[in-house]
Amino acid sequence: AYAIADQISNDLQKQETKHRRLIANAPGVIFSCDPHLNWKMTYLSDQFETLTGYAADEFIENKGRAYIDLVYNKDIQGIERKIGFVPKPGSMYFHEYRIYHSDGSLRWIHERARVVRDEDTGDYYLTGSFFDVSEQKRKEAENRILTNALENAVDGIAFLDRNGIFQKVNDAFARMFGKTTQQFTRIN
């Protein structure tokens with residue numbers, strides 16, 4: 001009986017080690033939280049500290065503070081609208097919002113989660129992951145600025161690739177040739 005118990009214990013340890021390695025190599029933060037109690041985090045992977053600058057154990061069970069304390073005030077209402085105050089079991093959601101990093105900077109987060117029911121207790125909780133998408137958001141903002149400048153320029157502007165194929169032209173450029181902007185798309 002002891003040999004079987006030892007074997008089961010060893011198998012469980014190996015399985016736990018394997019799962020810990022998988023989570024440690026995930027590109028974002030893996031989390032689990034209880035939505036009933038101020039969105040109390042019950043699990044945060046080690047990547048949490050890299051992403052936020054804070055130790056994960058500070059936020060587990062809301063010991064030192066709650067995760068919602070990091071969320072940018074203007075984004076909290078959007079999260080509450082998206083998820084609801086009482087998330088529905090089985091539902092999935094994707095959401096982007098900003099958090100404060102420990103250095104005071106704002107970081108954009110893309111969160112994906114599912115509402116899961118605990119088979120033992122019948123309670124439900126959220127489980128999912130979130131990633132820092134700040135660089136992507138910065139590039140999108142730069143692209144919007146450049147697109148606005150292109151579209152509103154009085155002078156004709158055209159972007160061509162290395163092969164001389166038009167990638168984008170503004171209205172002023174198209175008008176110079178008596179064409180529409182669409183007529184310049186992907187032509188040499």
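The model is a predicted one, in which local features need pLDDT of at least 70 and side-chain atom pairs count only at pLDDT 80 or more, while totals for chains, interfaces and linings use all residues. Residues are numbered from 1 along each chain as its sequence is written, and side-chain values rest on heavy atoms, with hydrogens and water left out.

Five strands make up an open, antiparallel sheet in the order E2-E1-E5-E4-E3. Helices (H or I, at least four residues) and strands (E, at least two) are DSSP runs numbered from the N terminus, and two strands are taken to pair if DSSP finds at least two bridges between them. Strands of a sheet pair through backbone hydrogen bonds, either parallel or antiparallel. Strand E2 (40–44) and strand E3 (92–100) stand at the edges with a single partner strand each, so one side of each is left without a neighbour in the sheet. On average, neighbouring strands of this sheet are turned by 30° against each other, direction ignored; axes here are lines fitted to C-alpha atoms, for helices over the stretch in contact, and angles between N-to-C directions run from 0 to 180 degrees. Strand E1 (residues 29–34) pairs with E2 in the antiparallel sense over four bridges, and Ser-32 stands opposite Tyr-43 in E2.

Helix H4 (residues 134–152) lies across E3, strand E4 (106–117) and strand E5 (124–132), and runs at about 125° to E4. In helix H3, the residues Asp-75, Ile-76, Gly-78, Ile-79 and Ile-83 are buried, where buried means under 20% relative accessible area, exposed over 50%, and partly exposed in between (1.4 Å probe, protein chains only). The buried residues of H3 pack against E3. Asp-75 is a charged member of this group: its relative accessible area is 12%, and it touches Tyr-97 and Arg-98, not counting residues up to four places away in sequence. Contact is defined as heavy atoms within 4.5 Å.

Turning to charge pairs, the count comes to seven salt bridges, each being a side-chain nitrogen of Lys or Arg within 4 Å of a carboxyl oxygen of Asp or Glu. Glu-61 forms one of them with Lys-40, with the closest N and O atoms 3.0 Å apart. Glu-61 sits in the loop between helix H2 (47–52) and helix H3 (73–83) and Lys-40 in strand E2, so this pair ties together parts that are 21 residues apart in sequence. Glu-61 is partly exposed at 38% relative accessible area, whereas Lys-40 counts as buried at 16%. Another salt bridge joins Lys-137 to Glu-96, with the closest N and O atoms 2.7 Å apart. Lys-137 lies in helix H4 and Glu-96 in strand E3, so parts 41 residues apart in sequence are tied together. Glu-96 is partly exposed, with a relative accessible area of 30%.

Arg-138 is partly exposed at 37%, as is Glu-135 at 41%. Salt bridges that share partners also join Asp-103, Arg-107 and Asp-132 into one network.

The C-alpha atoms of Asp-132 and Arg-107 are separated by 6.7 Å, although the two residues are 25 residues apart along the chain. Leaving out residues up to four places away in sequence, Asp-132 touches Leu-51, Arg-107, Trp-108 and Ile-109. Its side chain also makes a polar contact with the side chain of Ser-134 (2.7 Å); such a contact is a pair of N or O atoms within 3.5 Å, in which, within protein, one must be able to donate a hydrogen and the other to accept it, and residues adjacent in sequence count only if both atoms are side-chain atoms.

The largest nonpolar core has 27 residues, of which Phe-31, Leu-44, Phe-48, Tyr-67, Ile-99 and Phe-130 touch the most other members. A nonpolar core is a set of buried Ala, Val, Leu, Ile, Met, Phe, Trp, Tyr and Cys residues joined through side-chain atoms within 4.5 Å. Two or more residues come from each of E1, E2, H2, H3, E3, E4 and E5. Apart from this core lies another, of five residues, among them Val-169, Phe-173, Ala-174 and Phe-184.
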